[in-house]
Amino acid sequence: MTQQLTAHLSRLCRIGVVCMWILSVPGTAVLAQGTSGIPRLQKQGTAMQLVVHDTPFLILGGEPGNSSASDVHYMASVWPKLRALRLNTVLMPVYWELVEPREGRFGFALLDDLIDSARTSGLKIVVLWFGSWKNSMSCYAPSWVKTNQERFPRSRTGDGKAIEILTPFSDENRDADSRAFAELMKHVRAIDGEKNTVAMIQVENEIGMIPEARDHCAEAEEAFARQVPAELLAYIQKNKDSLSEELRHAWGSTGMKTSGTWEQVFGGGPATDEIFMSWHFARYTDYVAQAGKKEYPLPMYVNAALIRPGYNPGQYPSAGPLPHLMDVWRAAAPHIDFLAPDIYFPDFAGWLGKFDRDGNAMFVPEVDRRQSVANAFYAMARHNAMGYSPFSIESIDDPAHSQIGRGYDVLRQLTPLILGAQGTGSMAGFLLDGPAQTATITLGDYRFTVKHEYTWPYAVRAQADTPRYGGMIIMTAKDEFYIAGSGVVVTFQPSSGDGTNAGIASMDEGVFVNGSWVAGRRMNGDEDHQGRHMYLPGGEYGIQKVHLYTYR
Ligand code: DGJ
């Protein structure tokens, strides 16, 4: 325990103190940029973090509407909102149709302007490559691709109907996309290789086949009749103990065959169609990513549209980078660093948990902006997420006072502590709502019982239903904790369970100013229910620092 804590505190010093030092010495920010390596992913304990300018970076992100980044004039009104929301990163599409309007003629002036504006606003960029696929469809393919179906063939339904989806079974399609993507990455390296405003890349957007589980064009039919690739079979044999339940079930249904066609190895039906299709989507996307990484090896991920309850493959975008297909994507796409969920459904915690397996790096590239920003606290503390990003971010009214702006303000203050604690076991997140109103957390020598504020009779009930609240606890020394978030009542017990009691030695609300804690009110009396609990009211985002002690 002591060793773990010492290691954790020295990490905090490295991140917190070094950041404070850089910020406080004039001119050193420029020095830090000029000397940095390119953005990369780096493991810390069980967490995978994004590292920018050689320092771990936490993405407080937002994604504008799909068409916003196609016009600098439109974006001129968006940048101030992003600043008011306290974002540090914008997730922004680069559109294939606009960067290569004629084959082989590339233009990146729009991107250059947007990168300049992001720099002026102090924001990093995650580039979203709207290439072959955007929400299943190929609407961002340039018109010279769309209009030449002989050369750039389409996917087809079972009854032979062409759909506006470029088939992944065509080398022409794949090569055209990867040439454009490679040009993009070459350009980004040329103009940004030093300053690293562009920190990460999403390859394609919400890949997945609709309205059927798989493609039925002639090339797809041929591929479906062929043997399952040896690489996939080798992968599933090697990783047989950690395969997703669904993949293990399909493979098990045929007696775990080690050779054969897709149907011989995985059985028939939509599950097999989806496995087959995901292999081919992933191979294609990997080829595109590899071409880009050859030019500039930034971290690259893919995002997934999730599954509506009761939907079958094809009703939902089949074969995308979903948790039950993670093994297939991993085997097929070694140049994709991780798979990320776009969470528009209410079960935020459930979906996030499904993606947190086998070392998959965690990031939430899209979320409904109306969902509680408590989700971000939870994702970063409970699942070591490197970032969070609500969609259509410019639609938020009164950004500075919005719940996202206020939540991000607190997360910004806590960033050095969060980054120091991720993956070390010294931090926990909690998310409370109607179905889950209590969480129990053990950290160090204490057990924390975290309850939704509506379970406490004296709390102000601002809403008729039970809104989502949540936050995080970070242990910074033996009996010292920061608790941050909204709408919770926390009580304390020793984790020993040996009959000792835990009490509050002292508790302050406060803020971090340039990385240093500045205490405000001493929270006692009615504010801590005469020493019984810590309370963060709903609708506000705050931080309290608590020292605990034990007594008999
Ligand atoms: C998910 C997509 O990835 C976004 O680009 C956007 O289309 C949203 N859906 C709209 O809700």
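Modeller: The questions below go from the ligand to the sheets and then to the loops.

Colleague: What kind of model is this?

Modeller: This is a predicted model. Local features are reported at pLDDT of at least 70.

Colleague: Which residues are around the ligand, and what makes a residue count as near?

Modeller: The residues are N66, K134, N135, N205, E206, D342, Y344, E366 and F391.

Colleague: What are the distances for N135 and E366?

Modeller: For N135, a polar side-chain atom lies 3.2 Å from an oxygen atom of the ligand. For E366, an N or O atom of the side chain is 2.6 Å from a ligand oxygen. As for cover, the protein takes up 75% of the 300 Å² of accessible area that the ligand has on its own.

Colleague: How do the shell residues divide into nonpolar, polar and charged?

Modeller: The shell has 2 nonpolar, 3 polar and 4 charged residues. Tyr and Phe count as nonpolar, so Y344 and F391 fall in that class.

Colleague: On to the strands. Which strands form the closed barrel?

Modeller: The closed barrel has 8 strands, in the order β4-β5-β6-β9-β10-β11-β12-β13, and the pairing is parallel. Neighbouring strands of this sheet are turned by 30° against each other on average, direction ignored.

Colleague: How do you know that β4 and β13 pair?

Modeller: Strand β4 (residues 59–62) and strand β13 (residues 387–390) run parallel and are joined by 2 bridges. Pairing needs at least two bridges, so β4 and β13 qualify. I59 stands opposite G387 in β13.

Colleague: Which helix lies across β5, β6 and β9?

Modeller: That is helix α6 (residues 109–120), which runs at about 150° to β6.

Colleague: What makes the other sheet an open one, and which are its edge strands?

Modeller: Its 6 strands have the order β14-β17-β18-β23-β20-β21, with antiparallel pairing. The edge strands, β14 (427–432) and β21 (516–522), each pair on one side only. The twist averages 30° from one strand to the next.

Colleague: How many bridges join β18 to β23?

Modeller: There are 6 bridges between β18 (residues 480–486) and β23 (residues 542–551), which run antiparallel. The requirement is at least two, so this is a pair. F481 stands opposite V546 in β23. Helix α16 (residues 374–382) lies across β14, β17 and β18, at about 145° to β14.

Colleague: Where is the positive phi in the hairpin of β7 and β8?

Modeller: G160 has a positive phi near 85°, in a hairpin with 5 residues between the strands. The strands β7 (residues 154–156) and β8 (residues 162–166) run antiparallel and are joined by 2 bridges. R156 stands opposite A162 in β8.

Colleague: Which peptide bond is cis?

Modeller: The bond from I210 to P211 is cis, with omega near 0°. P211 sits in the loop between β9 and α9. E206 is found in the loop between β9 and α9 too. E206 has a positive phi of about 45°, although it is not a glycine. E206 is also one of the residues around the ligand.

Notes
Residues are numbered from 1 along each chain as its sequence is written. This is a predicted model: local features need pLDDT of at least 70, side-chain atom pairs count only at pLDDT 80 or more; totals for chains, interfaces and linings use all residues. Side-chain values use heavy atoms; hydrogens and water are left out. A residue is near a molecule or strand if one of its heavy atoms lies within 4 Å of it. A polar contact is a pair of N or O atoms within 3.5 Å; within protein, one must be able to donate a hydrogen and the other to accept it, and residues adjacent in sequence count only if both atoms are side-chain atoms. Accessible areas come from the Shrake-Rupley method with a 1.4 Å probe; for residues, only the protein chains shown count as cover. Helices (H or I, at least four residues) and strands (E, at least two) are DSSP runs, numbered from the N terminus. Axes are lines fitted to C-alpha atoms, for helices over the stretch in contact, and angles run from 0 to 180 degrees between N-to-C directions. Contact means heavy atoms within 4.5 Å.
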